[in-house]
Structure formats: C-alpha cells, structure tokens
Amino acid sequence: MTNVVELHDVWVSYGNVTVLEDINLTVHDKDFLGIIGPNGGGKSTLLKVILGLITPDKGIVKLLGDKPEKTHKYVGYVPQYASFNLTFPISVWEVVLMGRMNTIGPLRRYGKKDYHAAQEALKKVKMLEYKDRQISELSGGQRQRVFIARSLVTDPKLLILDEPATGVDAVMQKEFYELLKELKQNIAIIMVSHDISAISIYVDKVACLNRKLHYHNSKELSPEDLDASYACPVEMLAHGMPHRVFKLH
Amino acid sequence: MLEILQYSFMKNAILTAILASIACGIIGVYVVVKKISSLSGGITHASFGGIGLGYFLGTNPLYGLIPFSLLSALIMGLVSRRSKVSEDTATSILWSLGMALGIIFIYLTPGYAPDLMTYLFGNILTVSTSDLHLMLGLDVLILIIVYAFYKEFMAISFDEEFATVIGVAVERIYLLLLCLIALTIVLLIKVVGIILIIALLTMPASLSAHYTYNLRNMMYLSIFFGTFFSIMGLILSYALDIPSGATIILVMSGVYIIHLIYDNIKKKVHA
C-alpha cells in the first residue's frame, strides 16, 4: 500500500519570508492526523501544498503516490474560510453536487448515482431538509456542514479539513467528530484545529507546526516540541482529558 | 406606433435586440457573479484595436474585431492569472493598449473611416442581414458551449480553489469563459458600441439577481430584461429621434436606479 501523503524536505516561502522549513511528513492509510500550531505557523499553507494548490520552492510532494495535481481529485477538502462570494446564486444541493465533478468529468451531466451520493452526504451532516436553500440563507455552522457534505460526496481516499468546526455549535461538533471517527475506518484524515480537546480525544497522531514540523508518527509531542512551536509553554493540554497529548513528565 | 415595423431596418433592429440579449443575458450573468466586469470592460475596449485593423485591411471591421477580441481576452486572462502584475493593473494597461492600436490603424488607413461612430457608440439601425447571420451563428455557438460546460463554469465562478482540487482545468475553463465574453462583445457592438457595452453586459444580469437565487433562472430573466429594455430604448429613440445605443442604456440605467431606490425603501419599511 502506498502512503497517502509523503513530503520530503519541503520548503515554501512567500517573498523573503519562509513559511515552511524542511517539512518531512508521511501519512499512512487510515491515519487520523491532527495538526496544531500557532496562527501564522503555516498550517493552511501545508494543507495547500499537500493538495497541490501551492508548489513548494523545494522538496518532493506525493499525494496518493503521485503528483498532487493528478491525484487531488480523490481528496475531500474542507477549507478554513470559504473563498467564494456568499450572494452567489447557488443552492445547498448544487454546492454538494459540485463535489461529484471529480467522478463525472466535463461534458457530462449529473446522474442518479450523483443525486444519491449528494442525498446521503446531506443526510450525514443533517442538512437534507435545507437542500433547496440558497447558501446565504444558512448560518455559519450550517454552511460549514454543507462544505463537509461536499467533501464527503467526492468519495475521498483522504479527507483534509482546515479548522472544520469553526462556527459549528457544540452539539453538532460532537456529532461531526463522531462522523470523522466512523470515516477513518476506511480513509485517512488530516485535520488542522485549534480545538486541542477534540484533537486529544479523536485523532490518532498529532503534529505541531510552526514553520518546522514536529512529528513523531504518534500522538505524543515532547514539551520541547511544543516550546519550539509555540515559543511559550503550552498549559492547556493538561486538563485531565481522557487522552493526553503530553507524555507523562 | 406599429407602422415602424414596416421598415426592414426596424425589423432587423428588433431581431438584433433579441439576438444580442440572448448572448448578453447568459454571459452577463457570469460577468456579474464572477465579478469580472472591469476585466470584461478591458477586453471590450482593447477590441477597438480589431475595429481599426479591419478598417486598415479594408474588410468589414467585424472580421477584424473577432480575432482581436478573442486574442485580447486570452492575453488579459493569462496576464492576470500568471504574471505578478495585479489583475487591475493588467486590465488598465491592455485596455489602453488596444485602443491606442485602433487609433493608429485608423490614422494609417487612407480616407476617412465610415461608421466609426457606430462601433464606438452603437447604432442598432445599421445592422445588415449578413450581420444578423453572424450574430445568430455566434449565439448558437455561445449556447452550445455554455450548455456543455455549465457545471464547470459554475464551479470556477463559485469557488476556484475547490474546483481546482476536484480536478477542473480551472485556467482553461476561465479562458474559455473570457473568449465567450469576447464573442458577446462582437454581438453587442452594433447595439450600443464599445463605450457602452459593459453597461449592457452587467445591468440586466445584476437586476435579475434581485429576483432569483438560481443561476439558470437568472439567465432567463436577464435575457428578458435585456430584450425588453433594448426594444423600449429603440422605440423611444425612434420617437424622440435621439441615438439608439445611448437611449437603450439610459432606459436600462433609469429602471435600475429606480429599482435600487425602491429596494432600499422597502428594506427600511420592513426593518
């Protein structure tokens, strides 16, 4: 089985500012990797490199064993900020169907299978009853659920989520993380999150990113890793959670 | 009033209004929802170089216009996407560059340029039957392409980043859309002229956005608005004996502004 994601010695800079420095990362099939780190630490950039939306200055990126440009259509992606204009004349149903474009290609119309997939995905995020709403008529959390549905409908081999729970209320968040838990039985998931409690409960492996990536292919990070990433001691991880991000020390 | 229909130029003018509104309604919706009206304005004005080239070569200026507007669409699209120059700046530069070329071409053409004003400000009454055939052909082409790439155009207009990830050839589809804008310019030029085209391209679409949240319905509605306002403007210009292109734009803008004010008042009353 090829690795889902492989990064070797990846560097990215914007002008003179180095955003990612010497990143090495391997994600295996059915991994659930959480990425934490301070704002501006390069988390979204890293996800975009994995997706092939940003070409690194240096280094090798492989997604599902090939160049990201060839394989990113097998990835479900939920961006942090919706990059579109809210007044766009499009319904929830049309947004979700858009996720099926990877399987049907140009010049073809959506068919029964696509409608079925869209329906199932909307059911999973409990948004089916809103399917005819225009996207500006939804709350932030509802909209986020629609984008999650859009990523699920692609039938992904890897799910990439950038702060997916932003604006989603607490009850729905829990259901959402339970849904991810169910999904990871079959696919790999990479999730960027500030929600450290969610990370500690649901993910299998944690990486910490602040220009450099601290990752030991496990759920544990050393205090040195966190110091190096956040440049200050991180205390919020020791609130007696069911699982620990820290090693006992 | 009906007696004006007896003139063949009037029949042609009305057919022109309909054919132009079809292209304009469909493509104008993309211009509005993708927010590329200034880029479209740039393509329009740069196309003036093609009119000049047509005069210079002694052919129908429309034959100079078609390749020239397609070329400026492609250059505009590629420069704005690939170079470090901002889209805004690139648009302004190419906008003037095309017009400058047109002026030089016309200067170099011996004699004077007949109907130059028609291309700048439009004159729907000068549309010949062969022009109509060309317009019909372009309409059919635009309809076929939009039908074939409907979901791709929607995807790149709505969310380019996601469209890229999902495997849509975003840049190529975007360039195709810009080429359709270029062809629409050819269709509209005799109606309102280069200077006023951008108003015709944006107003019916923007007005229709107030009435529907569905892209397809928006297209139908803006075709209707376009046809209605063009014919209204045409009749008014005939009755008052004033230039048709400008009258069409004035009628459209008048309704648009009244609509905006009415909308605002309605919101305040409900608030």
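Helix α12(B) has 26 residues and spans 37 Å from first to last C-alpha, close to the 38 Å expected at 1.5 Å a residue. That expected span is 1.5 Å times one less than the number of residues. Helices here are DSSP runs of H or I with at least four residues, strands are runs of E with at least two, and both are numbered from the N terminus. Just after α12(B), D241(B) takes a positive phi of about 55°.

The model is predicted: local features need pLDDT of at least 70, side-chain atom pairs count only at pLDDT 80 or more, and totals for chains, interfaces and linings use all residues. Residues are numbered from 1 along each chain as its sequence is written, while chains are lettered from A and ligands numbered from 1 in the order in which they are written.

**Where the chains meet**

- The contact takes 22 residues from chain B and 22 residues from chain A; two residues are in contact if their C-beta atoms, placed from the backbone, lie within 7 Å.
- On the chain B side, α8 (150-158), α9 (160-165) and α12 (215-240) each supply at least two residues.
- That side of chain B divides into 13 nonpolar, 4 polar and 5 charged residues. Nonpolar means Ala, Val, Leu, Ile, Met, Phe, Trp, Tyr, Cys and Pro; charged means Asp, Glu, Lys and Arg; the others, Gly among them, are polar.

**The sheet of chain A**

- Chain A holds 9 helices and 9 strands.
- An open sheet of 6 strands in chain A runs in the order β5-β6-β7-β3-β8-β9, with mixed pairing. Strands pair if DSSP finds at least two bridges between them.
- β5 (75-78) and β9 (212-215) of chain A are the edges; each has a single partner strand, so one side of each lacks a neighbour in the sheet.
- The twist averages 15° from one strand to the next.
- Strands β6 (residues 158-162) and β7 (residues 188-192) of chain A run parallel, joined by 5 bridges. L159(A) stands opposite I189(A) in β7(A).
- Helix α6 (residues 140-152) of chain A packs on the sheet and touches β5 and β6 of chain A; its direction makes about 170° with that of β5(A). Axes are lines fitted to C-alpha atoms, for helices over the stretch in contact, and angles run from 0 to 180 degrees between N-to-C directions.
- Strand β8 (residues 205-210) of chain A runs antiparallel to β9(A), with 4 bridges. The two form a hairpin with 1 residue between them, and R211(A) in the turn has a positive phi of about 70°.
- L213(A) and Y215(A) make up the covered face of β9(A), K212(A) and H214(A) the uncovered one.

**Burial and core**

- Of the 249 residues of chain A, 43% count as buried. Buried means 20 or more other C-beta atoms within 10 Å of a residue's own, exposed means 12 or fewer, and partly exposed lies in between; C-beta atoms are placed from the backbone.
- In helix α1 (residues 43-51) of chain A, 9 of 9 residues are buried. G52(A) follows α1(A), with a positive phi near 80°.
- D66(A) sits in the loop between β4 (58-63) and α2 (68-71) of chain A. D66(A) is exposed, with 12 other C-beta atoms within 10 Å.
- The largest nonpolar core has 156 residues; among those with the most contacts inside it are V96(A) and L200(B). Such a core is a set of buried Ala, Val, Leu, Ile, Met, Phe, Trp, Tyr and Cys residues joined through C-beta atoms within 7 Å.
- Helix α10 (residues 170-192) of chain B gives the most to this core, with 15 residues.
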